[in-house]
Amino acid sequence: MNDLGQDLELRLVRYFTVVAAHQHFGRAAADLHVAQPALSRQIQRLEKYLGTRLLDRTAQGTRLTPAGQTFLPRAQDLLQAARQAELAVREQAETERIAIGYVEDLVITAAVRELRRRCPDAEIATRYLSCRDVGALSDKRVDALIARAPLPFAADDVFTTPLYEEPRMLAVPRSHPLAGRASVTAEELAGEEAAPCAFETADWTSYRILGAGVGPVESYEDKLELVASGEAIAVLPVGDRRSSLRPDLVTVPIEDAPPSQVVLVSRKGDPNPMIRNLRLAAEAVLTAPAP
């Protein structure tokens, strides 16, 4: 007959295994930081629940009864299984969080919303980054990064997932000779001097500010100010709508420039399962904005 129909308590099982290990109630009570009479009562509760004696008192301490010898290895297995279950849940809870970095003009709301739908109990944070702050991924300030290629990471250090591509456009002041054109070609821009911008590369897959004598430009607002003042022209992805906020600028499609690629990047070997969930969510819903 068990103890008032209650389920077996792991606490009582643990008390029993400690007494069995010490073969002495006094030493077991000291190890468990409980009073010896209270420990004796708890062992009696366990024996009542199981309907048999587990321990016999002797002049030297205690010894296991045949029932106790049968129960001990199973009790140890039960406690080990409970511990493993606890650790598994705690590990999962610790990893069901993610910090997502995103760069400047990109809008990742759809991916974050989809990730929340797929993982409603996860802790999801976003971090707005400037184009020169993508080192937040290497520094582990973010777990994943959505940005435009190229990025200043070694291929061996990151896992890159292409998401979508966008054509290029030219941003010029309204007074510029190209402002009234329906489109321009990359060849027409080839003679312009490329100023260091975003990540210092001459590749068409990066942002570019084109203009002779223009030095390094840190902020996007400063880039647009150079363009508006006639000191530079800018090549941007068509999805970057920030230039349209200035009435003194005009954008013109570029016909044959390689597209700008938006990618999701994470650290290789990162065990966080939320990174895969983000990848699936982003691939499902992030697409190039409509022109």
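**Close-up 1. Arg246 and its partner Asp248 form a salt bridge.** Arg246 is partly exposed, with a relative accessible area of 24% (buried means under 20% relative accessible area, exposed over 50%, partly exposed in between, with a 1.4 Å probe and protein chains only). Asp248 also counts as partly exposed, at 31% relative accessibility. Their side chains meet at 3.1 Å, N to O (a salt bridge is a side-chain nitrogen of Lys or Arg within 4 Å of a carboxyl oxygen of Asp or Glu). This is a predicted model: local features need pLDDT of at least 70, side-chain atom pairs count only at pLDDT 80 or more, and totals for chains, interfaces and linings use all residues. Residues are numbered from 1 along each chain as its sequence is written, and side-chain values use heavy atoms, with hydrogens and water left out.

**Close-up 2. Asp133 meets Arg141 in a salt bridge.** The N to O distance is 3.3 Å. Asp133 is partly exposed at 26% relative accessibility. Arg141 is partly exposed too, at 42%.

**Close-up 3. A salt bridge joins Asp105 and Arg242.** Here N to O is 4.0 Å. The pair links distant parts of the chain, 137 residues apart. Asp105 sits in the loop between strand 3 and helix 5. Arg242 sits in the loop between strand 10 (233-237) and strand 11 (249-253). Helices (H or I, at least four residues) and strands (E, at least two) are DSSP runs, numbered from the N terminus. Asp105 is buried, at 11% relative accessibility. Arg242 is buried at 19%.

Close-up 4. Ala111, Val112, Glu114 and Leu115 are its buried residues. They lie on the same side of helix 5, because they cover an arc of only 165 degrees around the axis (the arc is that of the directions from the helix axis to the C-beta atoms). On the other side, Arg113 and Arg117 are exposed. Strand 3, strand 4 (123-129) and helix 8 are among the elements covering the buried residues.

**Close-up 5. The largest nonpolar core holds 23 residues.** A nonpolar core is a set of buried Ala, Val, Leu, Ile, Met, Phe, Trp, Tyr and Cys residues joined through side-chain atoms within 4.5 Å. Ile98, Ile100, Leu115, Ile124, Ile146 and Leu163 touch the most other members. Helix 8 gives the most to this core, with 5 residues. Apart from this core lies another, of 19 residues, including Val19 and Leu46.

How values were computed:
Contact means heavy atoms within 4.5 Å.
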